[in-house]
Amino acid sequence: MADPRVLRAMSTPLLGQFDPEFTEIMNEVMDLSRFAFQTANARTFPVPGTGRAGLEAALTSLIEPGDRVVVAECGRFGLLLIEIAERCGAEVATVRGEWGRLIDPGAVEAALRVGRTKLVAIVHGETSTGMLQPLADVARVAHDHGALLVADCVVTLGGCEVAVDRWDVDVAIAGTQKCLSCPSGLAPVTYNARADAVIRGRRTKVRSNYLDLGQIADYWSPARFNHHTAPTAMVYGLREALRAVHDEGLEARFGRHRLHGDALRAGLDALGLTLFGKEPREQRLPFLTPVVVPDGVDELRVRRRLVEDFGVEIGAAFGPLQGKIWRIGTMGYVCRKANVLRCLTALEAVLRRNGAKLPAGAAVDAACKVYDGAGA
């Protein structure tokens, strides 16, 4: 769900892309993005397009044909990084992990020892499995071997800590439609001086003009290089979404996501449902909960009934997990007590109608105990 204040901002009359008022809005978006990414990087701005456009812009702008790239994969979006890197002409070395587990930094280091590597690409929040990958140790081993670290933070920005400077992440890419509660259409990106030097020092042209980070950076610089026409309404929306993050404060926002995720999981446990994954709580996304579909339950039928009868949508799964888990998001504006209780009530009712023997009201009671303990 988009934040209503974001939708109101997007209805503001349009300005020309070089109107002084609009360029000031662009400056504000960059400053607020630095706040959200916890960085001082000068190169911090949104790429026009979805989160995937941001990923493609980063990898296309950094990789030249023949470059060796290490990709850490333990889910659907790690597979996407492999595909994009291969399309850029990279020699891709893959560090594979079990879906539902994290990538071991030692395995990344072993892959780096094999040969000179330009960059390591990894997913911070793997939404296909609900895992939250620590980045600082991976950044350290990448830098020890002269490689950059590129992190897919599409789902995590605005929902949990993304400490770009403290973790020494070279490039981080986010999306607007997840925890920022803005419609899809821009991809906030930040990268440091090391990554900027690689982009500016390329031997060959970036294969995409539209996704050339060097040119987009110049567009967002004081030079205002005429690269493309900014999607004005989306820029308004992103500014308001980032203002909402700033107004709430990072720690309060992260705490809100943890609280409502914990309440949801307490309710699911009371229903006798099992969470997918083998990592402890602190290594799971606080705002995306993967649930194992019980034996004998038609997972698609449950999702349809939730939407049609209760107006509640939960996610299906990808690849080898398709049909085996549900993914329930509590992100951004949707991350509220009323929504969690509504989801649990609806899920219990639908499962009972599908023959499950469940204690009536137990899920909501368990969630409310979490809220009562937090004074919420």
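Which residue is the bridge partner of T44 in β9? The partner is T190. This is a predicted model.

- Strands of a sheet pair through backbone hydrogen bonds, in either the parallel or the antiparallel sense.

**Strand β9 and its neighbours**

- β9 covers residues 186–191 and runs antiparallel to β1, with six bridges joining the two.
- Within this pairing, V47 has A187 of β9 as its bridge partner.
- β8 and β9 are also antiparallel, paired over three bridges.
- T190 of β9 is the bridge partner of A172, and T190 is the bridge partner of T44 as well.
- β9 is largely enclosed by the rest of the structure, because six of its six residues are buried.
- L186, P188 and T190 point one way from β9, while A187, V189 and Y191 point the other way. All of these residues are buried.
- In a regular strand, side chains alternate between the two faces of the sheet.

- β4 spans residues 119–123, and five of its five residues are buried.
- Cover is present on both faces of β4. L119, A121 and V123 are buried on one side, and V120 and I122 are buried on the other.
- Strand β2 (residues 68–73) runs parallel to β4 and is joined to it by three bridges.
- V69 has L119 of β4 as its bridge partner.
- β4 and β7 are parallel too, joined by five bridges.
- In that pairing, V123 stands opposite D152 of β7.

**Nonpolar cores**

- The largest nonpolar core has 87 residues.
- Its members that touch the most other members are F45, V47, L119, V120, Y191 and W220.
- Helix α2 (residues 20–37) supplies the largest share of this core, with eight residues.
- V120 touches V70, V108, L112, V138, A142, A147, L148, L149 and V150. That list leaves out residues up to four places away in sequence.

**A helix pair**

- Helix α10 (residues 232–248) packs against helix α11 (residues 250–270) at an angle of about 95°. The axes are 6 Å apart.
- The angle therefore makes α10 roughly perpendicular to α11.
- From α10, the contact is made by A244, V245 and E248. From α11, it is made by L250, A252, R253 and R256.

**Cysteines**

- How many disulfides does the count come to? The count is zero.
- A disulfide is a covalent bond between the sulfur atoms of two cysteines.
- For C153, the closest cysteine sulfur is in C160, 8.4 Å away, so the pair is too far apart for a bond.
- For C343, the closest cysteine sulfur is in C335, 12 Å away, which is also too far for a bond.
- C153 counts as buried because its relative accessibility is 1%.
- C343 counts as buried as well, at 8% relative accessibility.

- Most residues other than glycine have a negative phi.
- Q38 is not a glycine, yet its phi is positive, at about 55°.
- Q38 sits in the loop between α2 and β1.
- With a relative accessible area of 25%, Q38 is partly exposed.
- R224 also has a positive phi, near 50°.
- R224 is found in the loop between α9 (213–219) and α10.
- Is R224 buried or exposed? R224 is buried, with a relative accessible area of 14%.

Key: Residues numbered from 1 in each chain as written. Predicted model: local features only at pLDDT ≥ 70, side-chain atom pairs only at ≥ 80, totals over all residues. Heavy atoms only, no water. Pairing = 2+ DSSP bridges. Helix = DSSP H or I, 4+ residues; strand = E, 2+ residues; numbered from the N terminus. Core = buried A, V, L, I, M, F, W, Y, C linked by side-chain atoms within 4.5 Å. Buried < 20%, exposed > 50% of the residue type's maximum accessible area, 1.4 Å probe, protein only. Contact = heavy atoms within 4.5 Å. Disulfide = S-S within 2.5 Å. Axes fitted to C-alpha atoms, helices over the stretch in contact; angles between N-to-C directions. Parallel < 35°, antiparallel > 145°, perpendicular 65-115°, else oblique.
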